[in-house]
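Please consider the sequence and the model shown below. The paragraphs that follow lead through its elements and their side-chain contacts.

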Amino acid sequence: MGSADDYAPGGSASQGDGQGADAPFSESSDPTADSGPASGAAESATASASREESDLPGERDRYLRLAAEYDNYRKRAAKERQDAGARAQADLVRQLVEALDDVARFAHVDPATTDAGTIVQGVDMVEKKLLKALGNAGLEVINPVGETFDPALHEAVATEPTSAREDDHVVSRVYQPGYLFKSQLLRPARVVVKQWNG
């Protein structure tokens with residue numbers, strides 16, 4: 001009969017080829033067996049972090065360039081707006097210069113040798129020049145005689161009775177004309193309004 005060692009699960013017969021019961025344990029403890037997906041992900045994360053750190057100076061430079069370009073654009077736009085406003089004002093003043101010359105001429109006439117009719121004609125001419133120049137710039141005179149009273153454009157300083165119902169709330173006189181500049185109300189027209197009392 002054979003000995004107990006011949007039939008034992010971990011006997012010498014199974015150890016003869018060098019693969020005993022301890023073989024699977026020794027394979028799992030091999031340090032080279034730990035090169036799976038986890039270690040690959042760690043290496044990838046490390047490489048990615050290294051690349052991000054190396055990109056930081058470039059990104060910072062690009063941000064500084066963009067900030068400087070935006071600041072230059074903002075300053076340039078502000079200067080262009082200021083220059084455009086100055087040019088518009090210069091154009092308006094240029095149109096008023098001739099009327100100013102006329103005012104200066106009439107301000108220095110000799111009253112002893114100039115009749116009142118000439119002065120009136122001169123002032124009328126200056127007024128027309130001024131209104132033309134300002135009208136070209138966008139000024140509109142509000143002179144609403146005979147129009148229906150509009151509280152958005154007119155200011156009633158007085159009322160007067162009327163016997164005609166259709167004349168109720170109609171402007172009869174203008175004490176002081178109003179002015180619009182490019183649809184912006186500068187001053188309402190000060191008017192007298194008719195009122196029908198029935």
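Predicted model: local features only at pLDDT ≥ 70, side-chain atom pairs only at ≥ 80, totals over all residues.

Helix α5 is followed by Gly138, a residue whose phi is positive, near 125°. Residues are numbered from 1 along each chain as its sequence is written, and side-chain values use heavy atoms, with hydrogens and water left out.

At its N-terminal end, α5 is capped by Asp115, of which a side-chain oxygen lies 3.0 Å from the backbone nitrogen of Gly117. Such a polar contact is a pair of N or O atoms within 3.5 Å; within protein, one must be able to donate a hydrogen and the other to accept it, and residues adjacent in sequence count only if both atoms are side-chain atoms. The helix itself comprises the 22 residues 116-137, which at 1.5 Å a residue should span 32 Å, and the distance of 32 Å between its end C-alpha atoms agrees with this. The expected span is 1.5 Å times one less than the number of residues.

Which residues of α5 are buried? They are Gly122, Val126, Ala133 and Ala137. These residues cover an arc of only 55° around the axis and therefore lie on the same side of α5; the arc is that of the directions from the helix axis to the C-beta atoms. On the other side of α5, Ala116, Val120, Gln121, Lys128 and Lys132 are exposed. In these terms, buried means under 20% relative accessible area, exposed over 50%, and partly exposed in between (1.4 Å probe, protein chains only).

One of the buried residues of α5, Ala137, can be related to helix α4, in which Gln89 lies. Gln89 and Ala137 are 48 residues apart in sequence and 9.6 Å apart in space, C-alpha to C-alpha. With a relative accessibility of 57%, Gln89 is classed as exposed.

Side chains of opposite charge can pair when their charged atoms come close. The structure holds 11 salt bridges, each being a side-chain nitrogen of Lys or Arg within 4 Å of a carboxyl oxygen of Asp or Glu. In one of them, the side chains of Glu59 and Arg62 meet at 2.9 Å, N to O. Because Glu59 and Arg62 are three residues apart in helix α4 (residues 37-107), about one helical turn separates them. Glu59 is partly exposed at 42% relative accessibility, and Arg62 is partly exposed at 45%.

A further salt bridge joins Arg94 and Asp91, at 2.7 Å, N to O. Both residues lie in α4, three residues apart, which is about one turn of the helix. Arg94 is exposed, with a relative accessible area of 53%, whereas Asp91 is partly exposed, with 38%.

Glu155 is partly exposed, with a relative accessible area of 33%, and Arg190 is partly exposed, with 26%. Elsewhere, salt bridges with shared partners join Asp71, Arg74 and Lys75 into one network.

His169 is not a glycine, yet its phi is positive, at about 65°. His169 lies in the loop between β2 and β3 (171-176) and is partly exposed, with a relative accessible area of 43%. Ser183 is a residue other than glycine with a positive phi, near 70°. The loop between β4 (178-181) and β5 (184-187) contains Ser183, which counts as exposed at 74% relative accessibility.

Finally, the chain may be viewed as a whole. Its secondary structure comes to five helices and six strands, in the order α-α-α-α-α-β-β-β-β-β-β along the sequence. Buried residues make up 12% of the 198 residues in the protein chain.

Definitions and conventions. Helix = DSSP H or I, 4+ residues; strand = E, 2+ residues; numbered from the N terminus.
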